[in-house]
Amino acid sequence: AGRRYAEARAVLGPAVCYNVFATLEGAQVGPEPLIRTARNRCHRYESRNAEGLRRLQAFSMREIVFLGDREQVEAQRQSLMNATQALLEGWGLAFRVETACDPFFAGEADKQRAFQSAFELKYELQAHLPYDDSWLAVASFNIHMDKLTGAYSIQAAGDRKLFSGCAAYGLDRLALALTAQFGTDPERWPFQL
């Protein structure tokens, strides 16, 4: 007669930005861009991608979320990408930036990934892991278009479309990249945090 499951009492969030959008639900934003930041634990089960420290089911992420018109959102994303690259270059961390798409979409995901890729809505900053000569995404810079502002009924002041984006920093992955490149003793790193 089928399995019976208990009613869920909690939901584990896969990203930090959803909480920001939930707090803004029904709000009006603008005309100046709105920027919020938060850090939280995120949870994902990516069974086919599970791979040691590379893909944890629970991890810490810092996100910077920004809302505004298309130009404001694109400019904010570029500014955060530039600032992050300058910081990591100053640290001497070996990295690259690539266009990307989210691997965790399901179902209609192929269309979503193709759309993300075609319009360069997601960039990943990938750090080099010298122990196996691979690359690990430690940050992403995303434009959501009006998908999340629409889903949460967040409106723009005036007669404009409201877009959003975020910069997400995987803190556990960044720690892995730093120790892989510079060792486990921060006192011996070429920079001080």
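Trainee: What makes the reach of helix H5 (residues 171-182) close to the one expected?

Mentor: Helix H5 has 12 residues and runs 16 Å from its first C-alpha to its last. The expected span is 1.5 Å times one less than the number of residues, and here that is 16 Å, so the reach is close to it. By the way, helices (H or I, at least four residues) and strands (E, at least two) are DSSP runs, numbered from the N terminus.

Trainee: What kind of model is this?

Mentor: It's a predicted one, where local features need pLDDT of at least 70 and side-chain atom pairs count only at pLDDT 80 or more, while totals for chains, interfaces and linings use all residues. Residues are numbered from 1 along each chain as its sequence is written, and side-chain values use heavy atoms, leaving out hydrogens and water.

Trainee: Which residues of H5 are buried, and what covers them?

Mentor: The buried ones are Arg173, Leu174, Leu176, Ala177, Leu178 and Phe182. Their cover includes helix H2 (70-91) and the strands S5 (122-129), S6 (134-145) and S8 (163-170). Just after H5 comes Gly183, with a positive phi of about 95°.

Trainee: Why is Leu93 called buried?

Mentor: Buried means under 20% relative accessible area (exposed is over 50%, partly exposed in between; 1.4 Å probe, protein chains only). Leu93 has 5%, so it counts as buried. Leu93 sits in the loop between H2 and strand S4 (95-99).

Trainee: Which residues is Leu93 in contact with, leaving aside its neighbours within four places in sequence?

Mentor: Contact means heavy atoms within 4.5 Å. On that basis Leu93 touches Leu88, Ala127, Leu174, Ala177, Leu178, Gln181 and Phe182. Gln181 is 88 residues away along the chain, yet the two C-alpha atoms are separated by 7.3 Å.

Trainee: Why is the aromatic pair of Phe21 and Tyr152 called stacked?

Mentor: Rings of Phe, Tyr and Trp (its six-membered ring) pair if their centres lie within 6.5 Å; planes under 30 degrees apart are stacked, over 60 edge-to-face, the rest tilted. Phe21 and Tyr152 are 6.1 Å centre to centre with 25° between the planes, so they pair and are stacked. The pair links distant parts of the chain, 131 residues apart: Phe21 is in helix H1 (residues 17-23), and Tyr152 is in the loop between helix H4 (147-151) and strand S7 (155-156). Both residues are buried.

Trainee: And what makes the pair of Trp189 and Phe191 tilted?

Mentor: With 40° between the planes and 5.6 Å centre to centre, this pair falls in the range left for tilted, therefore the name.

Trainee: Why is strand S3 (residues 58-68) called largely enclosed?

Mentor: Because nine of its 11 residues are buried.

Trainee: How do you know that S2 (residues 34-43) and S3 pair?

Mentor: Two strands pair if DSSP finds at least two bridges between them. S2 and S3 have 10, in the antiparallel sense, so they pass. Cys42 stands opposite Phe59 in S3. S3 also pairs with S8, antiparallel again, over eight bridges, and Gly68 has Phe163 in S8 as its bridge partner.
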